[in-house]
Number of protein chains: 2
Amino acid sequence: MLSRAARQAQFALPVRNVASIATREPSGPSMKTKVPGPASLEIKKKMDPLHQTTSVRLFADFEKSFGNYMVDADGNTLLDVYTQISSLPLGYNHPDLVKAAANPHFITSLVSRPALGSFPRNDFPDGISKALTSVAPKGLKAVQTMLCGTSANENAIKTAFIWYMTNRRGGNPPDQKALETAMVQNQPGTPRLSVLGFHGAFHGRSLCMLSVTRSKAIHKVDIPAFDWPIAKFPRYKYPLADNKQYNDAQDKECLKDVREKIAEWKKKEHDVAAIIVEPIQAEGGDNYGSPAFFKELQKIAADNGIVFIVDEVQTGGGGTGDMWAHSHWNLETPPDIVTFSKKLITGGYFYREHLRVKEGYRIYNTWMGDPSKLFLLEKVIEVIKRDNLIEKTKKVGEMFQKELAKLQANHSSIVSQARGRGTFAAMDFPNASVRDQFVEKAISLGLHCGGCGEKSLRFRPSLVYDKPHVEITFDLLDKALKQL
Amino acid sequence: MLSRAARQAQFALPVRNVASIATREPSGPSMKTKVPGPASLEIKKKMDPLHQTTSVRLFADFEKSFGNYMVDADGNTLLDVYTQISSLPLGYNHPDLVKAAANPHFITSLVSRPALGSFPRNDFPDGISKALTSVAPKGLKAVQTMLCGTSANENAIKTAFIWYMTNRRGGNPPDQKALETAMVQNQPGTPRLSVLGFHGAFHGRSLCMLSVTRSKAIHKVDIPAFDWPIAKFPRYKYPLADNKQYNDAQDKECLKDVREKIAEWKKKEHDVAAIIVEPIQAEGGDNYGSPAFFKELQKIAADNGIVFIVDEVQTGGGGTGDMWAHSHWNLETPPDIVTFSKKLITGGYFYREHLRVKEGYRIYNTWMGDPSKLFLLEKVIEVIKRDNLIEKTKKVGEMFQKELAKLQANHSSIVSQARGRGTFAAMDFPNASVRDQFVEKAISLGLHCGGCGEKSLRFRPSLVYDKPHVEITFDLLDKALKQL
């Protein structure tokens with residue numbers, strides 16, 4: 001029942017005016033004010049009565065930003081190696097994505113959003129196939145889209161619980177008793193099951209995910225949690241080659257703790273149904289596990305009938321020089337579930353076929369993802385393949401790691417534990433206060449970076465980060481360290 | 001580091017080809033095949049190895065769909081009174097939204113997504129103001145965006161817990177002991193607190209939200225839950241005017257149960273920190289509470305220092321003839337928190353000023369919403385105001401309710417409990433099986449509708465649903481009932 005005027009308006013669509021969107025990457029950072037500058041502070045003042053601003057550092061101009069450079073509201077141009085907390089695969093305003101925004105498929109996916117679990121778009125399977133199946137971790141095929149990393153992890157864990165209980169019932173669906181007791185939250189319908197997480201882990205901020213998250217107290221304090229086991233995670237010394245004995249002992253100690261925790265919870269009749277672990281604890285301080293550690297962890301899970309979930313929300317998408325950080329573990333069988341989000345634009349998880357939930361409406365919600373994000377990811381994957389960006393990131397990463405080692409050698413009184421894979425990297429400062437001062441200093445010089453863990457600095461450039469950007473990065477890091 | 005070719009490609013943006021997007025609303029439904037038809041079944045077969053399809057009913061053609069009509073992959077044109085589970089405010093491909101997709105603000109918000117909590121777009125406060133503040137529930141101003149209804153509810157509850165514990169500390173932030181104990185999930189840092197929900201409620205499917213959700217066993221079975229109290233929710237008899245005594249007694253009994261549950265959990269040292277309730281239990285069977293019930297519920301919450309959360313995820317956005325379903329309760333003070341999603345395009349919640357979390361990074365995650373959704377909502381609100389769609393829905397709703405009563409009178413052996421506000425309505429069938437058969441029948445005749453609760457049919461048309469659509473709807477309902 002649209003008016004004729006409204007219908008005509010559509011036919012009179014303007015030729016898209018994209019003149020205001022940047023089309024060239026700046027040659028380097030340029031700073032006009034402190035950060036945050038007066039314009040950012042003014043906007044913050046305006047926003048504060050309407051929406052919390054406690055963690056806002058600056059306001060960004062997303063039309064002027066391009067490639068590896070973020071331009072803020074004050075016109076400061078910053079080389080961005082933090083990329084919206086590691087979630088821009090191709091930097092800002094990538095021309096192929098801007099162009100893709102003209103596609104009618106894309107427009108219709110935006111303006112009328114489907115309830116994907118029941119009435120998906122007819123092009124949804126194509127999108128899944130091109131955007132996700134084509135980059136699935138080795139040995140995995142089936143995927144479930146979700147909106148973000150937290151909902152990916154929540155639903156991965158639900159899938160694990162459902163599989164665990166189905167096994168207990170000898171492969172049968174829930175019986176009448178299970179359904180009835182679930183409604184009053186008693187056993188067996190509402191089971192006593194747990195998930196094992198790790199110290200230093202970050203898996204999201206819902207109440208369930210906070211129960212397996214142990215990166216920072218401020219995330220967890222005042223929030224009730226499930227009584228679930230948390231095991232030790234390795235804390236290696238770097239360089240790895242010089243600390244083999246110490247690091248191997250770390251692996252052993254942590255695996256022993258995992259085995260003990262599983263047994264302890266079993267004894268309490270609070271079985272561990274899933275283990276969830278990041279390849280690199282990317283929020284908790286860039287803590288790595290060795291391939292040997294993860295291989296044994298997978299074996300422990302398999303031996304105990306526990307679902308092995310690898311959380312690649314921050315590590316997935318190519319920054320480590322592989323699409324999936326777990327791929328260099330060379331597992332003989334794939335992880336049971338691999339979750340993703342951030343650089344993958346859409347949240348979701350890949351899973352092994354035996355975990356497929358047979359009954360409808362169990363892994364379900366209104367949106368279950370977003371076709372417009374899948375469509376964008378399809379373009380991102382096209383560009384990654386066409387421009388060979390993962391292989392390129394591996395090479396740029398080699399240069400990055402060499403420069404990082406050099407930087408540490410030149411500033412060994414302040415910088416330690418240089419580590420990384422690809423351009424996914426970190427280094428440590430003596431304490432949080434020095435790290436935080438350093439971040440401020442680097443930003444003031446035009447390098448946008450961020451901390452992680454107690455005293456680490458993390459590097460999370462996009463996949464269009466190239467060798468000239470590495471040079472600028474280390475020039476600014478060196479300057480900032482000297483000015484500290 | 002973009003090639004010249006890539007840069008040129010951007011300047012050569014094609015004039016947008018939207019010829020494939022429908023621009024006219026069909027004059028009525030037209031059916032070509034059964035639903036799902038052969039094309040839908042073929043796509044389903046293709047999708048099944050890649051992504052679960054257990055709950056998929058049909059595949060929709062989102063380019064051909066328009067206004068109140070969804071066209072499926074087989075070319076069937078269905079009048080849609082279910083609207084992607086109540087989440088299309090302006091139906092399909094609204095010309096104003098299609099046009100808005102050309103805006104450079106919108107394009108940049110899509111192709112490079114900010115971490116909103118730290119580096120928001122410089123136009124974010126404007127968007128908040130136009131899209132959300134301008135339609136805030138009476139007495140509320142501050143808002144927090146999130147991605148979906150579940151994350152809105154999760155964070156509303158976290159806000160309640162944080163406020164409750166801050167009160168316990170006499171208004172102070174967490175001390176060292178709280179921070180330390182939170183990391184090992186012991187008291188006081190990880191408190192024993194609970195949330196009171198209601199039988200028949202639906203608040204989402206994360207583990208926390210499932211702990212206060214009691215609509216269907218299949219949502220809950222096999223998933224561990226928090227031990228939180230669930231109270232009785234009124235089950236009225238209709239028409240309300242003829243059943244005053246019975247319905248008043250329902251209110252009393254349920255309020256008594258709420259008081260008892262709060263006391264019981266207090267005694268267990270497991271204090272209720274929040275009550276979460278829907279104005280209409282819209283997933284659990286369209287169960288209503290009276291203004292008197294909600295007023296007293298709010299009073300109980302206030303008397304006990306409990307945060308009163310109204311979940312308007314399905315009821316918000318105008319379908320009831322008000323932007324917010326709770327507005328006709330005429331509360332003297334607003335609810336403490338009102339959550340939303342679905343028709344509001346973005347998830348989020350409004351909250352009273354005393355609940356504002358003072359410390360940064362406590363209500364936080366990577367994306368915290370999506371500026372592209374906020375931008376769309378801004379246009380939706382513009383259209384709602386310009387076309388006076390809420391007032392119009394109120395009038396169309398009056399016609400709808402009259403027709404619904406007439407339909408029930410004409411089919412009183414099958415249909416009962418006709419109820420609703422605006423075009424947000426429901427009716428009951430003798431049991432689930434008859435209801436499900438009816439839904440199939442209605443769809444086969446060209447009316448796309450959906451069930452809720454045990455044996456109810458729900459109506460959730462969009463705000464562009466007008467009187468001629470009401471006529472078609474009731475013509476088809478009548479036919480379907482006769483053919484049952």
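## A briefing on two chains

Let's start with one pair of charged side chains: D370(B) forms a salt bridge with K373(A), and the closest N and O atoms are 2.7 Å apart. Keep in mind that this is a predicted model.

**Where the chains meet**

- Between chain A and chain B, the count is 10 salt bridges.
- The contact draws 146 residues from chain A and 146 residues from chain B.
- The size of an interface is often given as the accessible area lost when the parts come together.
- For chain A and chain B, about 13,500 Å² is buried between them, with 62% of it on carbon and sulfur atoms.

**How the copies are related**

- Two copies of a chain are related by a rotation about an axis and a shift along it.
- The same surface serves both copies, as 100% of the contact residues of chain A recur in chain B.

**Two domains within chain A**

- Chain A is divided into domain 1 (20-96 + 389-482) and domain 2 (105-385).
- Taken over C-alpha atoms, the centres of domain 1 of chain A and domain 2 of chain A are separated by 28 Å.
- Their contact takes 29 residues from domain 1 of chain A and 27 residues from domain 2 of chain A.
- About 2,500 Å² is buried between domain 1 of chain A and domain 2 of chain A, and carbon and sulfur atoms give 58% of that area.
- Look for I390(A), R421(A) and F424(A): they supply 27% of the area that domain 1 of chain A buries against domain 2 of chain A, more than any other three residues.
- The count of salt bridges between domain 1 of chain A and domain 2 of chain A is three.

**A helix to follow in chain B**

- Helix 13 of chain B covers residues 371-386, which makes 16 residues.
- From its first C-alpha to its last, helix 13 of chain B reaches 22 Å, close to the 22 Å expected at 1.5 Å a residue.
- Of the 16 residues of helix 13 of chain B, 13 are buried, so this helix is largely enclosed by the rest of the structure.
- Just after helix 13 of chain B comes N388(B), which takes a positive phi of about 55°.

Note on methods
Residues numbered from 1 in each chain as written. Chains lettered and ligands numbered in written order. Predicted model: local features only at pLDDT ≥ 70, side-chain atom pairs only at ≥ 80, totals over all residues. Heavy atoms only, no water. Helix = DSSP H or I, 4+ residues; strand = E, 2+ residues; numbered from the N terminus. Expected span 1.5 Å × (residues − 1). Buried < 20%, exposed > 50% of the residue type's maximum accessible area, 1.4 Å probe, protein only. Contact = heavy atoms within 4.5 Å. Domains from an automatic or database assignment. Buried area = accessible area lost by both parts, 1.4 Å probe. Salt bridge = Lys/Arg side-chain N within 4 Å of Asp/Glu carboxyl O.
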